[in-house]
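Hello,

Here is the structure I promised to pass on to you. Have a look at it first, and then read on for what turned up in it.

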Amino acid sequence: MDDQEYVVEFDFLGKDSIRYYNKIPVEKRVFKNLQLFLENKQPEDDLFDRLNTSILNKHLQELMDGLTAKVFRTYNASITLQQQLKELSCSDDSIPAKILSYNRANRAVAILCNHQRAPPKTFEKSMQNLQTKIDEKQNQLSAARKQLKAAKADHKASHDDKSKKAVEVKRKAVQRIEEQLMKLQVQATDREENKQIALGTSKLNYLDPRISVAWCKKWGVPIEKIYNKTQREKFAWAIDMAEKDYEF
């Protein structure tokens, strides 16, 4: 499959009965072992019937002191967030655009950890309300641009200070509405992309908070945009410890 000789297809119900589906290329030995484990078993039988968490963790401890299945998962999640933030962050982006990049990086982690959810029942309604706000803001922007154009024409005709100030006021109004519109559009994109992904689980339980804190400090994003008050209290140690150059 896709020029790979040995590919394993995973399709099962994981935690909270969330389906996990993936196709992963593996080494020949892994492929052959899985074929061996499947022999003389029914679909409902455990594939790894001789393995449990205690045995696995004991083996992992022999490889590295303190290593467990949870630590392994946490490492994978954290290193993925670090890599994604490096790829997606841009200094020229606005704060809302940077937060969108952060959420996209976090979503890559949530997908890795299979943190899926059913779309909220109110999703369609909330998206409709958001789209209405976007449409209204676009109409405001159109009107503001017309007013700016008229103010420029008035200043061109009179060349006085009053008309000059009027142009500046109208220009700032256009800029403000453009920023508000972009914020709403980013919010809509963010909601749509994350309707079936639970971002909170990975952010609170599987990610080293120092990565997020350092990212906020490096890119000038207020930490309260990433962590609420309760979360900031929980991760106060990371907020104090991590500087903008911290890397996981």
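Helices α3 and α4 cross in a right-handed way. Their axes lie 9 Å apart, at an angle of about 150 degrees. On the α3 side the contact includes Asn76, Ala77, Thr80, Leu81, Gln84, Leu85 and Leu88. From α4 come Ser101, Tyr102, Arg104, Ala105, Asn106, Ala108, Val109 and Leu112. Sorted by class, the contact of α3 with α4 has 9 nonpolar, 5 polar and 1 charged residues. Please keep in mind as you read that this is a predicted model.

Apart from neighbours within four places in sequence, Ala108 is in contact with Thr80 and Gln84. The C-alpha atoms of Ala108 and Gln84 are 7.7 Å from each other, although 24 residues separate the two along the chain. Ala108 has a relative accessible area of 23%, so it counts as partly exposed.

Now turn to the other partner of α3, which is α8. Here the axes cross at roughly 15 degrees and come within 9 Å, and the two helices are therefore roughly parallel to each other. The crossing of α3 and α8 is right-handed. Ser78, Leu81, Gln82 and Leu85 of α3 make this contact with Ile211, Ser212 and Trp215 of α8. The residues of the contact of α3 with α8 fall into 4 nonpolar, 3 polar and no charged.

In soluble globular proteins, nonpolar side chains tend to be buried together. The largest nonpolar core in this model has 22 residues, and Leu81, Leu85 and Trp215 touch the most other members. The elements giving two or more residues to this core are α3 (69-88), α4 (95-112) and α8 (209-219). Of these, α8 supplies the largest share, with 5 residues. To see how Leu85 is placed, leave aside its neighbours within four places in sequence: Leu85 is then in contact with Tyr102, Ala105, Ile211 and Trp215. There is also a second, separate core of 14 residues, and Met127, Leu130, Leu148 and Val174 are among them.

Next, the pair formed by α5 and α6. Helix α5 covers residues 123-158 and helix α6 covers residues 161-193. They pack with their axes 8 Å apart, at an angle of about 160 degrees. Are they roughly parallel or roughly antiparallel to each other? With an angle over 145 degrees, α5 and α6 are therefore roughly antiparallel. In passing α6, α5 makes a left-handed crossing. The contact of α5 with α6 holds 15 nonpolar, 10 polar and 11 charged residues.

In the loop between these two helices you will find His159. His159 is not a glycine, yet it has a positive phi of about 55 degrees. Most residues other than glycine have a negative phi. His159 is exposed, with a relative accessible area of 61%.

Asn40 is another non-glycine residue with a positive phi, of about 60 degrees. Asn40 belongs to the loop between α1 (28-38) and α2 (53-63). At a relative accessible area of 81%, Asn40 is exposed.

One more loop residue is Ala118, found between α4 and α5. Ala118 has 60% relative accessibility, so it counts as exposed. Where does the chain come back to Ala118? Gln196 is 78 residues apart from Ala118 along the chain, and 5.5 Å separates their C-alpha atoms.

Best wishes

Terms used: Residues numbered from 1 in each chain as written. Predicted model: local features only at pLDDT ≥ 70, side-chain atom pairs only at ≥ 80, totals over all residues. Heavy atoms only, no water. Core = buried A, V, L, I, M, F, W, Y, C linked by side-chain atoms within 4.5 Å. Buried < 20%, exposed > 50% of the residue type's maximum accessible area, 1.4 Å probe, protein only. Helix = DSSP H or I, 4+ residues; strand = E, 2+ residues; numbered from the N terminus. Contact = heavy atoms within 4.5 Å. Axes fitted to C-alpha atoms, helices over the stretch in contact; angles between N-to-C directions. Parallel < 35°, antiparallel > 145°, perpendicular 65-115°, else oblique. Left-handed = near helix turned anticlockwise from the far one by under 90°. Nonpolar A, V, L, I, M, F, W, Y, C, P; charged D, E, K, R; others polar.
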